[in-house]
Amino acid sequence: MGPMTHLSDIAAAVKGLPHKRMAVAYGEDAHTLQAVQRAVREGIVDAVVVGSAAKIAEVASASDVDTSLFEIMDVQGELPSVKAAVKLVRDGSAHMLMKGLAHTDNYMRGILDKQNGLLPEGGLLSHVAVFEAPNYPRLIIVSDVAVVPLPSLQDKVRITKLTVGIVHSLRIDVPKVAFLSASESVLKFASSQEAAVLAGMAVRKQFGAIIGEGPISIDCALFPDACQVKGFMGRIQGDADIIIVPNIESGNVFYKVLCRFGSGEVAAMVTGTTAPCILASRGDSEDSKFYSIALGALNA
Amino acid sequence: MEIRTFDQLLEEAKKRGRKKLAVAFPEEVSLHAALLAHEAGIAAPVLVGVPDKIRELLVQAGADPDAFEIEEAGSPAEACAVAVALARDDKVDVILKGGAQTAQMLHAVLDKENGIRVSKVLSECSLYEDTRMRHSLLAVVDGGILIAPTLEEKVEAIRNTVNVYHKLGYENPKVAVLAAVETVTDKMPCTEDAAIITRMWERGQIKGCVVDGPLALDNAISERAATIKGLSGPVGGNADILIVPDIEGGNLLGKSMTYFAGFTSAHVTIGARKPVLVPSRADDGRTKLMSVALGIVAYY
């Protein structure tokens, strides 16, 4: 089978695998329960929702969610629920984690907890987003648009490795990785020079089997005609699979502009953890949550 | 045709006719170099210093004290300034440092008002005649002037040296940016510089040559080593120009070639309007003569 080209391919691939069990941290809101219901019904995961059993039952009945589809673990309060959900994953009785009504900060704190969290010692917590843009022939995988605010060169090396690992699950065996900056020329600012260094590491096969190029701007990374117009002769000719963004600001802008102007759909998860962690927010579409769960299950 | 031996270099210099060679404050070492170049028919010395003292030195050297043009200067520093002024006015073609400090010589060359610098950076080009492995002229840059070159200085030094190689008949000299390893790591900053410089070459920001780096010395000059390590890049063990990380590296590499391998060397400072020669007391006669020849061929 060739590389996945649509987010629905992720869901299709997961359906053929043994079910993974997802722990939902503080799943006391309708959005979360509906996403869990859909994922279970479509055979993507089994789920255990952690939170107040009474509250979960109340929200479920008000929003047409069938609580018989998943297990409920009765825990009172946000922080204890996050802790309990993380523990389920740590103990191996769940394979992945999903954020419910918990605040992102509290959710992350649970993951990052040194004693009881899900980050290996010395590990880097990062994030990967997989985009499907209408009328675009490939999935576009971008990192890090959400977690590492000001990645150092060393962080970018690790972000690249984490992202390449996820991309292999999308059946992209030798990904083309664009180390993004504002221009193809090597200029004096940090993102440009770091991109050149990262491309140098890729050429020396320090990321394994990838084709790396940088510095490169987003047009040459994603659109062959831009390379033609610019006369750009690099190893990537508008056919990048992975975009490593220079910093969180540019990544976040790219992410949101693609979703809003480009009607893109996205699946996303936290990387660097011992098990996939889904960080969907209320602003994400239902499909996006569903595909994020599928991406997590595929990598669990 | 590429000049691949010093005999060819000398023949090439002879074709340019006798060039005027200003010697700034001659002493035995520089006078010897000037007389050798005169004998070989490539230079007409212009001796800048105290006339009586110069005549005395000529007599000691067994030369005719009245056979050479003399320009008066009372001190080494003044002699440097006079030599540079003669060069600026095109009254001499090559400058040879005599009994002045190297710093005094460079100071006069770099002087903002009266100096003759044309490139952004002055760099030393040291050529070694490889009579064992590849029978070619190998450059080491920079073992003499740039102490701890910045990325920008390295790029300028490459440009300076590539211009010399064009004059030596090399259409597309191969430049290896050296480090201790061929992988890129932030623990060795020179590997990062090398990766950046290589990307700059890929982008056409460094022209008229082929660049690869980081490369360890063996991968730069031995096809066999390059093949074993899978570094079939553009240089592939056939480097003409070796860019070293710093002056220590350049000095050690250069002197190793001179003393361990027995290669003859020639040295010229590039980046001024005229070639500037800074001989070492330890240079043998052939090195002194070939340095003058190199200065002439590199510029005329």
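How many Å separate the centres of domain 1 of chain A and domain 2 of chain A, taken over C-alpha atoms? The separation is 29 Å. This is a predicted model, in which local features need pLDDT of at least 70, side-chain atom pairs count only at pLDDT 80 or more, and totals for chains, interfaces and linings use all residues. Residues are numbered from 1 along each chain as its sequence is written, while chains are lettered from A and ligands numbered from 1 in the order in which they are written.

The domains of chain A come first. Domain bounds here come from an automatic or database domain assignment. For chain A, that assignment gives domain 1 (7-119 + 273-299) and domain 2 (126-260). In chain A, 4 residues of domain 1 are in contact with 4 residues of domain 2. Two residues are in contact if their C-beta atoms, placed from the backbone, lie within 7 Å. Helix α11 (residues 286-299) of chain A supplies the largest share of the domain 1 side, 3 residues. Helices (H or I, at least four residues) and strands (E, at least two) are DSSP runs, numbered from the N terminus. The domain 1 side in chain A divides into 3 nonpolar residues, 1 polar and no charged. Ala, Val, Leu, Ile, Met, Phe, Trp, Tyr, Cys and Pro count as nonpolar, Asp, Glu, Lys and Arg as charged, and the others, Gly among them, as polar.

Chain B is also assigned two parts: domain 1 (6-118 + 272-299) and domain 2 (125-259). Their C-alpha centres lie 29 Å apart. The contact between them takes 4 residues from domain 1 of chain B and 5 residues from domain 2 of chain B. Helix α11 (residues 285-299) of chain B gives the most to the domain 1 side, with 3 residues. That side holds 4 nonpolar residues, no polar and no charged.

The two chains also meet. In this contact, 12 residues of chain B touch 13 residues of chain A. The chain B side comprises 4 nonpolar, 3 polar and 5 charged residues.

Chain B has 11 helices and 11 strands. Its radius of gyration is 19 Å, close to the 19 Å that the globule rule gives for 300 residues, so chain B is as compact as a globular protein of that length. The radius is taken over C-alpha atoms, and the rule is 2.2 Å times the number of residues to the power 0.38. Along the principal axes, the C-alpha atoms of chain B fill a box of roughly 60 × 40 × 30 Å. Of its 300 residues, 54% count as buried. A residue is buried if 20 or more other C-beta atoms lie within 10 Å of its own, exposed if 12 or fewer, and partly exposed in between, with C-beta atoms placed from the backbone. Among contacts in chain B with a separation of 6 or more, 67% join residues 24 or more positions apart.

The largest nonpolar core has 213 residues. Such a core is a set of buried Ala, Val, Leu, Ile, Met, Phe, Trp, Tyr and Cys residues joined through C-beta atoms within 7 Å. A294(A), A22(B) and A24(B) have the most contacts inside this core. Leaving aside neighbours within four places in sequence, the contacts of A24(B) include V48(B), A79(B), I95(B) and M105(B).

The 15 residues of α11(B) should span 21 Å at 1.5 Å a residue, and the end C-alpha atoms are 22 Å apart, which agrees. The expected span is 1.5 Å times one less than the number of residues. In α11(B), 12 of the 15 residues are buried, so this helix is largely enclosed by the rest of the structure. Helix α6 (residues 151-167) of chain B has 17 residues and reaches 25 Å, close to the 24 Å expected. Its buried residues include V155(B), I158(B) and Y165(B). G169(B) follows α6(B) and has a positive phi, near 95°.

S30(B) lies in helix α2 (residues 28-39) of chain B. It is buried, with 27 other C-beta atoms within 10 Å. Not counting residues up to four places away in sequence, S30(B) touches V23(B), L96(B), K97(B), G98(B) and P279(B).

Some backbone details complete the picture. The peptide bond from S143(A) to D144(A) is cis, with omega near -10°. D64(A) has a positive phi of about 60° although it is not a glycine. With 10 C-beta neighbours inside 10 Å, D64(A) counts as exposed.
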